[in-house]
Amino acid sequence: MFRQPLSPKGFLTLLAIVALLSLPFIIRHEYWIYVLTIGFYYAILASTWNVMAGYLGRVSFAHAAFAAIGAYASALSVLHLKVHPVLGMAIGTVTGAVFSFFIGYLSLRLRGVYFTLSTLAFAEIFRIIVTVEYEYTRGSLGLETEHLIVTMSYIPYYYVALALLLGTVFSTYLILNSAFGLKIMAVGNSEEAAEAIGIDSAKVKVVTFLYVSALTSLAGAFYGHFIGLVSPEVGAFDQLALIIAMTVVGGMGTLPGPVIGALLLEFFSEYLREFGIFRLLIFAGLIIVTVRFFRRGLYGTLKERLISVGGSP
Amino acid sequence: MKTVLRAQSVTKSFGGLVAVRNFSMEVGEGEIVGLIGPNGAGKTTFLNVVTGFLKPDSGRVFFMGEDITGLPPHKICIKGVARTFQLIKPFSKMTILDAIAAGALVRVRSKVEAYRRAQEIIEFLRLRNPKRLCGSLNVVEEKLVELGRALATKPKLLLLDEIAAGLRPSEIEEMKKTLKLIRDEFGLSLVVVEHVMPLVMGVSDRVVVMSSGSKIAEGRPEEVASNPKVITIYLGERRGRARG
């Protein structure tokens, strides 16, 4: 499939990485560096959500909640255990993994829509608890936390976020192209057929959900130490909606799609900031147009066109 | 002849409907057994019980002498029982190669090895252009991929649920040859659940007839075809030869 030493695909990937690495030297505006850093955060979330929805065929509504779990676990351990934010982020990752294991173990073994419903219930319960419980989380005021790096510039954060994103995309690429990746796709295509050929679908689903949730929690923890404040908003439903929109617009079930969608929508949403609340309307229109005319998302449609023109798949 | 599959008094009901009633059958090593019967006779339900997709209310299923009753489907596959589905369940968004390699993963750990095995099966089944998506195939190719996926798991017993449904007469002839070749090349036993009589009568060493969940006849194809009970359930009171 990707056996050539440097396929056009590989070349484009390399080009994109070099471009992203050199962008802070080209864009001198701290503001846009900040926007891009946030964009990378969303790109990680969209990429991991895409592994569940686009490959495993399971929709998780707890995705933003896992980012919040990572953010709170990290912020609280930095505050109370006096650990460095880097260690806090590791604690956040592990906490997300533990939570996802229990939710996955309980609900992913069921077929059908139960997993999605369970994640929705979990996300809402989590949001309500952190909002109402004031003592530890400061409720809706948000919990102030230490910054990851003491600096006046956003550029160091930009590179940390980029490293996390590249790590996420690369590890996802490796997993999807491994034997386990075949199992993920088999379960995503037909769970019964997968079981009939000896695939333990429950195990595949739980492990995938664990991987995805751990990375999401890591991204959330980073986000907290980037902004310096963790609020229930991180795990709110509109964040989830944004993640889903980014994935769908970019191209669900493709590796670069969610990254492209996330950067594009984050960029747009900043560009349209002057329209105030109306930008959400423009946003919604954009999504409808994409879904109507590019059903496989921007990247997915582009890929399809290229293949039908005669490029090798 | 060694017994590969032994189902003992299997009963399975859904609510008030008894789909399989006190049904027993055996499959010997290298044997092709046809399982026929009218719609709703309980053939697919029985297949689902054997492969672990349904748990029987009573009765036991033994594979190679080992009790496999109630094991989950993937564990039964690991033991060496593979199946195809009546309503095919293709891995639509995967390539032919990936779909069949996914089947091989139950026996081999490495993806390279799985691809090698898949390639062999693709050549054996004479599937062209294995980089195509499974969602873009014609009926014959879809059935062959379904078959290939099951073969990749290296089964000792393969259960085929209406593999010939929807095929044209010439394609049925091809399928007949393929099934016999599979038995000889892969050294496995087959249970062929089928409505297409030319296929099932042509390949089976033995035919079991089910009606309303029970076994009503069993024997060599020509014996079964002339059995009055079988003729009655297929054609009612009118007399004639059992044909699809």
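The contact between chain B and chain A takes 26 residues from chain B and 17 residues from chain A, two residues being in contact if their C-beta atoms, placed from the backbone, lie within 7 Å. The model is predicted: local features need pLDDT of at least 70, side-chain atom pairs count only at pLDDT 80 or more, and totals for chains, interfaces and linings use all residues. Residues are numbered from 1 along each chain as its sequence is written, while chains are lettered from A and ligands numbered from 1 in the order in which they are written. On the side of chain B that touches chain A, two or more residues each are given by helices H2 (73-79), H3 (96-104), H4 (111-124) and H5 (139-152) of chain B; helices (H or I, at least four residues) and strands (E, at least two) are DSSP runs, numbered from the N terminus. This side of chain B has 12 nonpolar, 6 polar and 8 charged residues, where Ala, Val, Leu, Ile, Met, Phe, Trp, Tyr, Cys and Pro count as nonpolar, Asp, Glu, Lys and Arg as charged, and the others, Gly among them, as polar.

Chain B is divided into domain 1 (1-64 + 156-244) and domain 2 (90-155), with bounds from an automatic or database domain assignment. The C-alpha centres of the two domains of chain B lie 25 Å apart. Their contact takes 10 residues from domain 1 and 7 residues from domain 2. Within the side of domain 1 that touches domain 2, strand S7 (157-161) and helix H6 (169-186) of chain B each supply at least two residues, and the largest share, 3 residues, comes from H6(B). By class, this side of domain 1 comprises 7 nonpolar, 1 polar and 2 charged residues.

In chain A, the axes of helix H3 (residues 63-80) and helix H5 (residues 114-132) come within 9 Å and cross at roughly 40 degrees; axes are lines fitted to C-alpha atoms, for helices over the stretch in contact, and angles run from 0 to 180 degrees between N-to-C directions. The crossing of H3(A) and H5(A) is left-handed, that is, the near helix is turned anticlockwise from the far one by less than a right angle. Ala64(A), Ala65(A), Ala68(A), Ile69(A) and Tyr72(A) of H3(A) meet Phe122(A), Ala123(A), Phe126(A), Arg127(A) and Val130(A) of H5(A). The residues of this helix contact divide into 9 nonpolar, no polar and 1 charged.

Glu124(A) also lies in helix H5 of chain A. Glu124(A) is partly exposed, because 15 other C-beta atoms lie within 10 Å; a residue is buried at 20 or more such atoms, exposed at 12 or fewer, and partly exposed in between.
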